[in-house]
Structure formats: C-alpha cells, structure tokens
Amino acid sequence: MTDAPSPAATPAAAPEAHVVGVDSGGSGLRVALGRVGTDGPLFTTVCAEPVRTGAGGIDAAHLLEQLLPAVAELLERAEDGGAGDSPGQDSPGQIAAFAIGAAGMATLGGRLRAELPGALAEALGVRRMALAADAVTAYAGAVGQRPGAVVAGGTGMIALGTDLTSWHRADGWGHLLGDSGGGAWIGRAGLDAAMRAHDGRRGGSPALLARLHAVFGPAEGLPGLLYPRSDRPAVLASFAPEVAACAGADEVAAGILREAAAHIAEAAAAVCPTVGPQGDDACEVALTGGLFRMGEPLLGPVREELARLVPRARVTNGTGDPLTGALRIARALALHGLRLPHHPTMLFVPAGDGPSGRVGAEVRNDEPEPGGVPADGAGGGPGDGAADRPTDRDTSPVRHSSDISG
C-alpha cells in the first residue's frame, strides 16, 4: 500500500483544484466535491447505507466500497457540468485534499487511520487528507477555524471547544452514561412524566400521557415496544418533539426543557476557551444539530442558562453542518492553512504538521494517556460507542447521535 505524500513536501494547491469532504453517520455517507478557492460544494451525493462497524471498528473496506464510486460520480458531474479543466488548473481527476468526518472515529476508527491514507493515495492520488471525529467536523462547520465551542445535539449531545492548541470535550457519553439534555434524554424524561400520570404518581403530565397514547398506543404496551429495540435512544428521542409541543401549556414539559437547557449550558461552559479570538474573554458558542430544530421552547431556556453560566458567551446558530466542516478542513489542508489542533484520534492528519509543529494529545480535563489517547478512551462524537449505534432504521425526528448534522 502506497504511503500518502507528506503535505509539507507539496506546494499549496491552486484555487481551481478539487477537494472532497465526507460525512459518515448513522443514516449513511454524504460526499461533497468542492474547489480550493470556492466556498461551498460544487456537487454532493448520498450513499444511503451506513458504513458497517464490527469487532475491528469502522469497516474501512466498506467505506471505500461506497466512497470511491461516489467520488468518481462527482468528478464526472463536475466535468460534464463545465467545472472541469481550464488553463492552468488541476484536471478533474486530481484531488488536492480529502477530509473524512465519521461517527465513532475516535474510538472505532483505527482501521480507517491505518488503511485509508494509502488506499486513497493509490486510488485517487490524494496528496493531503484528514480523518476527523464527527464532532470536529461539526465544529469546523459551525465555527470554522476560530477559537470557540460547539454544542452538537441530536439524539445525543456533545460539547467541543478549542483555543486552537487543544480540544476540550464534555459529554457525548451515550444515553446510559450521559448525553444529558439531548433528544433521548428529553424523550425519556417526557415518557417518565407520562407514565407517572398514568399511574397517578406525583410529577405526572396528563398532556404528555395523551401524546404517548397518540404516538405509541396504550401506556401499558410501551415497555414491550421499547425494551426489545436495538435503537432505543432513537425511539426515546422520537418523543422529544412531543415534549416541546406541550411545553407552552404544560409546566411539567416546560420544566423538562429547562432542565435539558441547564445540562446543555453546563457542557458548553466546561469547554469554552478562557481567551477569545480577540484576546478578550468572549466565547462563541455555536448550537448545531437536529435537536435545536425544536425551536424556541428549547432555545429560549438554553440562551437563558448560557447567559447565567457563561455571561461571556456569544450564541450563534453556526454557519454550516459537518459536511461543510469536512470541506473546510480539506480546503485548509490544500492551502497548508489548517489551524485546528491535530490529534491522533480526534483530527488525524497523516504525516502532517500541527499548528504548533506537533501532534496534540490533550482532549479533556488535561488528562491524556501516554501516546495521546484520552484517559477515558472517549470518542469524538455524541453516541459514538458501538452500543449506541442503531441497527434498525432510525425513524426519530431528532437525528441519531451518530449523525449530528441535523
């Protein structure tokens, strides 16, 4: 297998050269073709089959099996659509840089890091590439290459921040250990309140019980519907929009969203860098992912909690999704301008030179293991453990935590 050439050994790519961004999540593989000198994609395509994950981690061969034909299709569309050769530019078949963001990359991406650089160099002549956790591509899409923080919410919830020297992570530990304030957390709390009303216990919500009946049928049948499912987090999250819909008239539902907002703000506060991009103490906090499409019933309390816990926070909705972030990373690589901190599992750049000439090792709480592995062995995206990856189709209105693009 051919080793990927070192980025430092090649000049910066021409503005007309192609770059490819990839977002691999629980609902499939999205691929975008762009140019170094142009913001946004030229063309995109979707491979609806999620990349397989097994005992050896994410299946690199299965990813390549879908990715290579998709890239060939995009290059052909670019050539047919008049985005091909012009004097002095790279030919359509040449790709200056590649960036792949994947759910589970940090904990399950060993085979990808070992096999993809050589395979893509051999198949496509790729000169520079990066393999990133989906939370990192979510950060790049929402914030860009500035210091700040992103809260990515779907079925799960993770906060990621950087001062451009290291990454800091909070939550994203899956629905059994965390993801506090995410879609599954909200849905479970709503169903708990519904079951309390069914039983006549304190803290129940008749409004949420009525929504349980409408969505799932009789309350007594809910355990049989929920417990055998392999995608329980997604099923729980499917009830989160019902909680938001009831919040305007039901105090119990409103209280659930206020508590979720407190969890979200606490995670953001834990990862905000102490020094802002202008040398002050401001911190941009971008909210991204399907969770926040619930709108003001959740966003209002989140803003209130952030103002209380992080008075210096400047809340934004982000400028792009994880696929946009992957393209931005690829463009930065092509121009030797990647400022986001390299990391052996969070943002892996083969033969690359990090922003400070080293590969970063810090992820969370300043406790890296020897060799740069986080002390807790954590991944880089919400719900990226194998136990939290659905095997049935995810029908939740809130996207699964392994697909936080929303």
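This is a predicted model: local features need pLDDT of at least 70, side-chain atom pairs count only at pLDDT 80 or more; totals for chains, interfaces and linings use all residues.
Local features here need pLDDT of at least 70 and side-chain atom pairs count only at pLDDT 80 or more, while totals for chains, interfaces and linings use all residues. Residues are numbered from 1 along each chain as its sequence is written, and side-chain values use heavy atoms, leaving out hydrogens and water.

**View 1. Helix α5 meets helix α10.** The axes of α5 (residues 183–199) and α10 (residues 251–271) come within 10 Å and cross at roughly 150°. Axes are lines fitted to C-alpha atoms, for helices over the stretch in contact, and angles run from 0 to 180 degrees between N-to-C directions. Helices (H or I, at least four residues) and strands (E, at least two) are DSSP runs, numbered from the N terminus. So α5 and α10 are roughly antiparallel to each other (angles over 145 degrees count as that).

**View 2. Who touches whom between α5 and α10?** On the α5 side it's W185, I186, A189, G190 and A193; α10 brings V252, I256, L257, E259, A260 and H263. Contact means heavy atoms within 4.5 Å.

**View 3. A five-stranded open sheet.** Read across, the order is β10-β9-β8-β11-β12, with mixed pairing. The edge strands, β10 (167–171) and β12 (313–316), each pair on one side only; to pair, two strands need at least two DSSP bridges. From one strand to the next, the twist averages 20°.

**View 4. β8 beside β9, with α10 packed on the sheet.** β8 (residues 148–153) and β9 (residues 157–162) pair in the antiparallel sense over six bridges, and V150 stands opposite L160 in β9. Helix α10 touches β8, β9, β10 and β11 (283–288), and its direction makes about 25° with that of β9.

Technical notes. Angles under 35 degrees count as roughly parallel, over 145 as roughly antiparallel, 65 to 115 as roughly perpendicular and the rest as oblique.
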